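Please open the model in your viewer and keep the selection panel at hand. The stops below go from one selection to the next.

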Amino acid sequence: MSRYHVLTFGESMMRLTPPGFLRIEQTRSFDIWVGGTESNTAVGLARLGMKAAWLSRLPATPMGRYISNRIAQYGVDVSHVVWANEDERLGIYFHEKAQPPRASEIVYDRKDSAMSRIRPEDLPAGLFEAGVADVFHVTGITLAISGTARETAHEALRRAKSAGWRTSFDTNYRSKLWSGEDAAAGCDAAMSLADVIFCPLGDFQVMYGAATAEEAIAALAARYPSALIVMTLGQGGAQARKSTGSILRQPAILAGEVGRIGGGDAFAAGFLYAWLSFDDVELALKWGVAMSAQKYTIPGDLPLVDREAVAALVAGASGGGLIR
């Protein structure tokens with residue numbers, strides 16, 4: 001048995017959010033949250049009962065320890081985190097919540113963070129070996145934060161493949177980090193190494209051009225024929241295309257929106273959980289959609305779900321008044 005079901009790799013930041021719907025320029029206090037796409041997914045997997053580990057680079061400061069401690073609190077192994085000097089910085093982002101017609105805003109303060117300085121030589125010796133993990137998971141955000149982070153992610157993917165692990169990649173496009181054209185070029189090598197590719201339809205359209213859901217998943221399958229392609233469709237649910245060519249679809253579970261951030265990471269956690277546990281892509285789509293719906297009802301970035309509640313949604317239960 002492997003030491004971990006899934007090892008994730010990426011940056012986690014401190015998120016500062018004004019209470020209520022205050023604007024940043026008018027608030028006198030901030031609520032503190034911890035968020036990072038790969039650590040969000042690791043926490044989701046741990047909440048479902050899987051052995052999850054998170055690899056990153058943090059400054060050896062109270063802020064860095066705050067991030068590590070919060071992720072460890074929910075059952076994720078953080079023992080492989082690379083600790084940088086105290087003079088390096090933690091990435092921060094601000095989230096200004098709003099209601100229509102005003103749009104919510106994300107403001108990054110993450111340039112030159114400790115994680116952005118990670119290099120291939122920082123990868124822990126002996127970690128990427130046979131039997132250590134079943135799956136390695138990384139996203140396009142890690143590739144976008146710096147050239148050295150991208151090189152390190154590619155090296156980690158290659159080592160994971162060489163060790164006999166399966167590999168998972170989520171495009172997770174962020175317009176404030178790079179353009180769609182740069183993302184398409186920058187993600188290509190990672191997607192070529194991935195056994196599972198998560199790509200929201202919106203990401204595909206920004207990276208490759210306008211397309212229907214059917215056209216988009218077919219185009220990705222043509223580019224990466226050996227991968228399992230998983231595509232989320234917003235309120236349209238999700239679909240997956242096996243390397244054999246068969247396509248499976250799953251309707252969305254509509255949820256009351258309390259905490260939208262991290263919904264895609266929760267989907268990835270639910271999908272990977274069921275894919276590893278049951279080797280059933282159709283069931284994995286159900287778990288992914290159910291996890292995402294549960295996350296929408298939880299404030300913050302982390303999918304602090306109860307496995308029984310997710311299982312009930314998968315089984316067709318209503319899950320309460322906010323979910324239909």
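Begin by selecting the eight strands of the open sheet with the order β4-β1-β9-β10-β11-β12-β13-β14, whose pairing is mixed; strands here are DSSP runs of E with at least two residues, helices are runs of H or I with at least four, and both are numbered from the N terminus. Two strands are said to pair if DSSP finds at least two bridges between them. At the edges stand β4 (52-55) and β14 (247-250), each with a single partner strand, so one side of each has no neighbour in the sheet. Neighbouring strands of this sheet are turned by 15 degrees against each other on average, direction ignored.

This is a predicted model, in which local features need pLDDT of at least 70 and side-chain atom pairs count only at pLDDT 80 or more, while totals for chains, interfaces and linings use all residues. Residues are numbered from 1 along each chain as its sequence is written, and side-chain values use heavy atoms, with hydrogens and water left out.

Leu 7 stands opposite Phe 136 in β9.

Next, select the four strands of the open sheet ordered β3-β2-β7-β8, where the pairing is mixed. Its edges are β3 (31-35) and β8 (105-109), each with a single partner strand, so one side of each is left without a neighbour in the sheet. The twist averages 25 degrees from one strand to the next. Strand β2 (residues 13-17) runs parallel to β7 (residues 92-96) and is joined to β7 by three bridges, with Arg 15 opposite Tyr 93 in β7. Helix α2 packs on this sheet, touching β2 and β3, and its direction makes about 70 degrees with that of β3; contact means heavy atoms within 4.5 Å.

Now select Ser 68, which lies in α2 (residues 62-73). Is Ser 68 buried or exposed? Ser 68 is buried, with a relative accessible area of 6%, where buried means under 20%, exposed over 50% and partly exposed in between (1.4 Å probe, protein chains only). Not counting residues up to four places away in sequence, Ser 68 touches Leu 58, Val 78 and Trp 83.

Finally, select Leu 201, Phe 204 and Tyr 208 in α6, which meet Ala 213, Ala 216, Ala 219, Leu 220 and Arg 223 in α7.

Methods: Axes are lines fitted to C-alpha atoms, for helices over the stretch in contact, and angles run from 0 to 180 degrees between N-to-C directions.
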